[in-house]
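This briefing is meant to be read alongside the sequence and the three-dimensional structure. Please keep both in view.

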Amino acid sequence: MNAITAILAEDEAPLRQALRTLLAEAWPELRIVAECEDGVAAMEAIAAHRPDLCFLDIRMPGVSGLDVARAAV
């Protein structure tokens, strides 16, 4: 079975690191394929990696997490 893949999109590095750490503890099989600092990078990562899940900050520079989610559908 293939690993579940995900991207993390959070503009604050300490929060992104904390989320990565918590996910690794709670879901060790999850494979993070990209980490993004803004909405535009998140949209590019989704197009490039086609992840199974996206963890999106709602308020990010450029494009909000909600707009990224709408575009990914």
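Arg 50 counts as exposed because its relative accessibility is 66%; buried means under 20% relative accessible area, exposed over 50%, and partly exposed in between, with a 1.4 Å probe and protein chains only. The model is predicted: local features need pLDDT of at least 70, side-chain atom pairs count only at pLDDT 80 or more, and totals for chains, interfaces and linings use all residues. Residues are numbered from 1 along each chain as its sequence is written, and side-chain values use heavy atoms, with hydrogens and water left out.

- Arg 50 lies in the loop between α2 and β3 (53-56); helices (H or I, at least four residues) and strands (E, at least two) are DSSP runs, numbered from the N terminus.
- Although Arg 50 is not a glycine, its phi is positive, at about 50°.
- Most residues other than glycine have a negative phi.
- Arg 50 is among the contacts of Ala 45, together with Ile 7, Ala 34, Cys 36 and Pro 51, when neighbours of Ala 45 within four places in sequence are left aside; contact means heavy atoms within 4.5 Å.

**Packing of α2 and α3**

- Helix α2 (residues 39-49) packs with helix α3 (residues 65-72) at an angle of about 25°, and their axes are 9 Å apart; axes are lines fitted to C-alpha atoms, for helices over the stretch in contact, and angles run from 0 to 180 degrees between N-to-C directions.
- The angle therefore makes α2 roughly parallel to α3, a term for angles under 35 degrees.
- Gly 39, Ala 42, Met 43 and Ile 46 of α2 meet Val 68, Ala 71 and Ala 72 of α3 in this contact.
- By class, the contact of α2 with α3 has six nonpolar residues, one polar and no charged ones; Ala, Val, Leu, Ile, Met, Phe, Trp, Tyr, Cys and Pro count as nonpolar, Asp, Glu, Lys and Arg as charged, and the others, Gly among them, as polar.

**Nonpolar core**

- The largest nonpolar core has ten residues: Ile 7, Ala 9, Ala 34, Cys 36, Ala 42, Ala 45, Ile 46, Met 60, Val 63 and Val 68; such a core is a set of buried Ala, Val, Leu, Ile, Met, Phe, Trp, Tyr and Cys residues joined through side-chain atoms within 4.5 Å.
- Two or more residues of this core come from each of β1 (5-9), β2 (31-36) and α2.
- Helix α2 gives the largest share of this core, three residues.

**Partly exposed helix residues**

- Ala 41 is in helix α2 and counts as partly exposed, at 23% relative accessibility.
- Leu 66 lies in helix α3 and counts as partly exposed, at 43% relative accessibility.

Notes: Parallel < 35°, antiparallel > 145°, perpendicular 65-115°, else oblique.
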